[in-house]
Amino acid sequence: MSGAALGLEIVFVFFLALFLLHRYGDFKKQHRLVIIATLLAWYLCFLIVFILPLDVSTTIYNRCKLAVNSSPAESNGSYVTVAPSKQKCFKPWSYIPDGIMPIFWRVVYWTSQFLTWILLPFMQSYARSGGFSITGKIKTALIENAIYYGTYLLIFGAFLIYVAVNPNFNLQWSQLQTIGIAAANTWGLFLLVLLLGYGLVEIPRSHWNGAKRGYLLMKTYFKAAKLMTEKADAAENLEDVMEAIRKVSESIKYNHPLRKCVDTILKKCPTEYQERMGRNMDDYEDFDERHNSYPSEKSLVKLHKQVIYSVQRHSRTQVQWQILLEQAFYLEDVAKNETSATRQFVHTFHSQEPENKIIQYFYTPTVEWYWECLLRPWFYRVLAVVLATFSVIVVWSECTFFSTKPVLSLFAVFIQLAEKTYNYIYIEMACFLTIFFLSICVYSTVFRIRVFNYYYLASHHQTDAYSLLFSGMLFCRLTPPLCLNFLGLTHMDATISHKNTQPTAYTSIMGSMRVLSFIADGFYIYYPMLVVILCIATYFSLGTRCLNLLGFQQFMGDSEMTSDLIDEGKELIRKEKRKRQREEEGENRRREWKERYGNRDDSTRSRAVHTDQKESSFSETSSNRSLSKYTRSNGRTERDRIELLQDAEPLDFNADSVNDDPLELDSGRYQPGGRYLSMSRSNIFEGV
């Protein structure tokens, strides 16, 4: 089993990151480099979280082995026995051989730092650029990041000059490396505490409110009103951009040097706008630079950037509106079915997507009613209580983890109790649950926050490239300080425990923080206590109230604006519901009409065709006999029949009864509409 656990977790985490990226990104439309860079960033961060518990259990075993080797001992199979105390150091099932973890952590850490500080910021500017060539996009990205990179170079250069001039400092390369790591972790810890303080309160509260059907329905109405405003704004913005493109496309002719740029912009437009505007290639009118003013390439680059943004925003709001409608309809169905006497869940609308037969077999309407109306609210309440308990333990440990005598951090107490009995399964599970809960609190906040329309992670493949890359940057900057904070909570970091013991492999690559004592003994210990203030502010929704005062509508139960938006959203949902009901009723009527009269129409049509063939053959044999005798009367009768057909209007026009090919008609007359009418009896009365 040596190294097997490491290999299994590496594979599992890869598919987990791929699944999440597929949910938020779009593999078909977005650039491959954007997908690969985001996937690598997410994968490395998730990998650190999942592998760190294995590093902790391996370190505890190595500490035991070192203690045994320092005293008389004898080897006995898979463990080492100390003669005086009869102590046994069992090898954990997930033991990782020496030398693997330091190399693994070094590769993972420095790759993630290269991504977050160099590659991903450059790719953000590249993806958001409106250039028409690779060279132009790279140039734009370098210009936009010149200030970003120049600031870091200026700070680092000033620090090197200070070290070189000051004779009291004699720093080596390893110490400079440690200072760089400490600076990056300090920035990450500053943001980590802010996100953690929000997640520790909001995650339990969201699950507790998830048990309140009325609360969820009111919040959905509120979201519907806001989303409709955003949807209308996105549609209006798209129309304005398309109008600007239309004018540019009409002014720049087919042989203009910038026509290729215009064609590139048109390819990014929706299909209906492309068909409306066309490519302006049918006029063959030469351009004249002396008499007409044409937009510059710089203005086209700006217009191209606006097209990419407006099309993405419009598509996202359309998809989110449909998803929100389904959610609102479902919550209304739950509210109606709560008082059902049959205890079977009845949906107002059938699912548009085909459901799995296995799920339909087990998840019957009765099972669905018991889950949605009875069990699910209680499940969410119990889960909210468990998450709230974890949050209280985290807040307590963040405020007391610096105390080693006595040990006040509850996570450190749990790990030390398991370390005495060398219960590695318990150690790994306790470490995994702790760091997993911390990661959920931090990462879920990253997925929830929205910075206007520049950064927004939208599910169902609606996240743009800029937001995906930005999320990868945040993950890579937050994960290392998150892991160091976890090691501090469990007293596995020698800087916190003040013990001369073997450090974990992850801590060893970070170097000794004693190089910067004011950070190791000050900021790293006392700044996490700020999480208490942030939790209190989140509990009383101070941030939400401030945003509401600034004009950003937020869901607040005691606000008049919230009540107005809820009423507006409720009316919007009611209109959409009536519209969908009319569509389903029309579809049902058409289906019933087809099932009732479809076979009869087919048999009638076949009998009419058979009769027509008999009459045509009979008329051909008798026409020669009566032609000379009834010439005048037949001509009059023919004219009367044609006039009758011209004045007649069928009750049900069927395109199948009209033949567009004049060569296949027995007799007829050309109509102004461009068609011939057949003179056979079956075609006359087929509509009736």
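Tutor: Let us begin with a definition: a residue is called buried when its relative accessible area is under 20%, exposed when that value is over 50%, and partly exposed in between. In this model, which is predicted, Ser559 has a relative accessibility of 14%, and therefore it counts as buried.

Student: Where in the chain is Ser559 placed, and how far is it from Arg545 in space?

Tutor: Ser559 sits in the loop that runs between helix 20 (542-549) and helix 21 (560-626). Its C-alpha atom is 9.8 Å from that of Arg545, while 14 residues separate the two in sequence.

Student: How should I read the fold of the chain as a whole, and what are the counts of helices and strands?

Tutor: The chain has 23 helices and five strands. Of its 688 residues, 39% are buried.

Student: Which stretches does UniProt mark with the feature "transmembrane region"?

Tutor: The UniProt record, which is an unreviewed entry, places that feature at several stretches, including residues 177-201 and 425-446.

Student: With which side chain does Thr479 make a polar contact?

Tutor: The partner is the side chain of Tyr443, at 2.6 Å. Thr479 is in helix 15, and with a relative accessible area of 1% it is buried. When neighbours within four places in sequence are left aside, Thr479 is in contact with Cys45, Ile48, Val49, Tyr443 and Tyr506.

Student: Is Arg381 buried, partly exposed or exposed?

Tutor: Arg381, in helix 12, has a relative accessibility of 26%, so it counts as partly exposed. Not counting residues up to four places away in sequence, Arg381 touches Trp208 and Ala211. Arg381 and Arg205 are 176 residues apart in sequence, yet their C-alpha atoms are 9.6 Å apart in space.

Student: What should I look for in the backbone itself?

Tutor: Most residues other than glycine have a negative phi, and most peptide bonds are trans. With that in mind, look at Tyr422, a residue other than glycine whose phi is positive, near 55 degrees. Tyr422 lies in the loop between helix 13 and helix 14 (424-448), and at 16% relative accessibility it counts as buried. His461, which is not a glycine, also has a positive phi, of about 65 degrees. His461 is found in the loop between strand 5 (455-456) and helix 15 (465-489), and at 32% relative accessibility it counts as partly exposed.

Student: Is the peptide bond from Lys405 to Pro406 cis or trans?

Tutor: That bond is cis, with omega near -5 degrees. Pro406 is in the loop between helix 12 (365-400) and helix 13 (410-421).

Student: How many cavities of 30 Å³ or more are there, and which residues line the second largest cavity?

Tutor: There are two cavities of 30 Å³ or more. The second largest cavity holds about 30 Å³ of space, and its lining is made of Leu189, Leu192, Val193, Leu196, Glu398, Asn485, Pro528 and Val531. By class, this lining has six nonpolar residues, one polar and one charged. Helix 6 (residues 173-210) gives the most to it, with four residues.

Definitions and conventions:
Residues are numbered from 1 along each chain as its sequence is written. This is a predicted model: local features need pLDDT of at least 70, side-chain atom pairs count only at pLDDT 80 or more; totals for chains, interfaces and linings use all residues. Side-chain values use heavy atoms; hydrogens and water are left out. On a 1 Å grid over the protein atoms alone, a cavity is a set of points where a 1.4 Å probe fits but cannot get out, and a pocket is an open set with protein on both sides within 12 Å along at least five of seven lines; lining residues have an atom within 4 Å of a point. Grid points are joined across faces, edges and corners, and a volume is the space filled by probe spheres set on the points. Helices (H or I, at least four residues) and strands (E, at least two) are DSSP runs, numbered from the N terminus. Ala, Val, Leu, Ile, Met, Phe, Trp, Tyr, Cys and Pro count as nonpolar, Asp, Glu, Lys and Arg as charged, and the others, Gly among them, as polar. UniProt positions are given in the numbering used here, feature names are shortened, and annotations may be inferred rather than shown by experiment. Buried means under 20% relative accessible area, exposed over 50%, partly exposed in between (1.4 Å probe, protein chains only). A polar contact is a pair of N or O atoms within 3.5 Å; within protein, one must be able to donate a hydrogen and the other to accept it, and residues adjacent in sequence count only if both atoms are side-chain atoms. Contact means heavy atoms within 4.5 Å.
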